[in-house]
Amino acid sequence: MTDLPLFPPPLPIGEFRSRLAALRSVMADRRVDLLVIDQSEHRAYFSGFWSTAAMYQALLVSRDQEPIAVIRSIDAPSFSASSRWGDCVTFSDSENPIEVVAETIKSRGFGASVIGIERDSHFLTINRAAELDALLPEAKFADFSKIMWEIRLVKSPLEIACLKVAAEICDRAAAAAFEVAQTGINEREVFAAMTSEAWRCGADNAQVAVLSCGPTTSFHASFSGRVLGKGDIVFVEPVPHFRGYTARLMRPKVIGAPTDRQMQTAETMIRIQDEQFDLMKPGAYARDVDRVLREGMLAAGLRDSYTGITGYTLGLKCPPRTSDFTRVFLPNSDWRLEKNQVFHMYTSAHGLPFSETIVVTPHGGKRLTEMERKLFC
């Protein structure tokens with residue numbers, strides 16, 4: 001493929017106003033006057049601005065004023081270029097960012113207010129929370145855990161457009177990897193082909209793929225420079241981000257001719273997984289969707305046990321998280337699917353993995369990743 005994917009236009013200001021309106025509605029219900037957002041994904045979701053996690057930074061959202069970003073001075077040009085809001089307070093690298101956040105809260109009139117904080121944030125450490133509490137003795141803190149993760153679950157049409165591009169990058173990157181994966185080729189060459197194609201097609205993250213090669217394969221593996229030989233399985237999992245939105249795809253390739261057992265395993269898994277996708281309609285219980293795959297795999301004798309999840313949330317994501325487990329598919333998952341939720345649905349057996357990026361529709365789960373579902377060879 002030589003033509004690049006067609007990119008949707010940048011998210012307009014109206015998208016961010018709609019997100020803020022939904023957030024402020026919850027703040028009003030919980031009587032929170034000011035919300036301190038420090039989880040990177042949430043800050044990006046509500047402002048459009050991405051920043052590194054080298055130092056603490058925050059977005060302050062009130063119920064009736066423009067959001068205020070508290071950021072490193074070095075990030076001010078990036079903030080100006082990408083944020084949908086213009087109000088920011090900067091601090092030098094020699095300053096304490098928690099103190100700057102506290103002083104900004106007091107100077108804007110919220111020092112004695114009800115302040116929401118993310119107790120489940122990766123960035124509000126115990127020490128930082130204690131320091132913020134000490135610096136704002138007149139404030140009352142309210143736990144705002146889980147809420148913003150929940151707000152982000154249902155994707156807008158503009159978000160799905162970004163996820164479609166990420167899914168197309170997955171398809172192209174996997175195809176590039178399999179084209180190179182031949183007998184006598186170093187696995188690093190396969191990885192280089194996959195990642196190069198992802199970046200060429202618009203990926204904007206550093207870790208854009210997973211690779212595992214050998215007589216068998218495993219998730220989350222690291223590679224060591226193996227030279228591919230007949231009978232090896234090549235497991236690819238492109239995980240590109242496009243404008244922060246990530247899609248995922250898993251496919252296997254056998255170097256040489258696959259065995260009858262491998263062909264039968266792949267065909268059975270694909271059939272069971274397709275049955276699972278068909279059930280992914282609004283209102284379906286996640287546990288029922290999970291059961292189709294989990295019990296189907298066990299009944300077919302493809303596994304002796306099945307202890308892992310069979311799917312999880314996809315959307316806006318950045319380090320330190322590698323996956324979004326806001327919603328997962330397990331036997332006890334007592335929640336219902338909603339239209340336009342997006343998930344990574346996956347399974348594997350005998351070293352052969354298959355997965356898709358799936359959006360929930362009234363007609364069942366629709367694949368955003370479109371690569372042919374088969375065992376490649």
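**The second largest pocket and its surroundings**

Tutor: The lining of the second largest pocket is made up of Leu6, Lys164, Val165, Glu168, Asp171, Lys366, Arg367, Leu368 and Glu370. Two elements, helix H7 (157-180) and strand S16 (364-367), each give two or more residues to this lining. H7 has the largest share, with 4 residues. Please keep in mind that this is a predicted model. The space in this second largest pocket comes to about 160 Å³. Sorted by class, its lining holds 6 charged residues, 3 nonpolar ones and no polar ones.

The largest pocket has a volume of about 980 Å³. Its lining counts 42 residues, and those closest to the pocket centre are Trp50, His241, Gly244, Lys317 and Cys318. Helix H1 (13-29), helix H2 (40-47) and strand S14 (342-349) each contribute at least two lining residues. The largest share here is that of H2, with 3 residues. By class, this lining divides into 21 nonpolar, 13 polar and 8 charged residues.

Helix H7 leads us from the pockets to the packing. In soluble globular proteins, nonpolar side chains tend to be buried together. In this model, the largest nonpolar core has 66 residues, and Leu23 and Val234 are the members that touch the most others in it. H7, which also has the largest share of the second pocket's lining, provides the largest share of this core, 12 residues. Around Val234, leaving out residues up to four places away in sequence, the contacts are Phe178, Ala181, Val190, Leu211, Ser212, Cys213, Leu228, Arg251, Pro252, Lys253 and Ile255. There is also a second, separate core of 22 residues, with Met55, Phe91, Ile105 and Leu124 among them.

Thr265 sits in helix H9 (residues 260-278). Is Thr265 buried or exposed? Its relative accessible area is 4%, under the 20% cut-off, so Thr265 counts as buried. A polar atom of the Thr265 side chain lies 2.8 Å from the backbone oxygen of Arg261. Apart from neighbours within four places in sequence, Thr265 makes contact with Leu302, Ala349, His350 and Leu352. Of these, Ala349 falls within strand S14 (342-349), one of the elements that supply at least two residues to the lining of the largest pocket.

Definitions and conventions. Residues numbered from 1 in each chain as written. Predicted model: local features only at pLDDT ≥ 70, side-chain atom pairs only at ≥ 80, totals over all residues. Heavy atoms only, no water. Buried < 20%, exposed > 50% of the residue type's maximum accessible area, 1.4 Å probe, protein only. Polar contact = N/O pair within 3.5 Å; in protein donor to acceptor, adjacent residues only side chain to side chain. Contact = heavy atoms within 4.5 Å. 1 Å grid on protein atoms, 1.4 Å probe; cavity = no way out; pocket = protein on both sides within 12 Å on 5 of 7 lines; lining within 4 Å. Points joined across faces, edges and corners; volume = space filled by probe spheres on them. Nonpolar A, V, L, I, M, F, W, Y, C, P; charged D, E, K, R; others polar. Core = buried A, V, L, I, M, F, W, Y, C linked by side-chain atoms within 4.5 Å.
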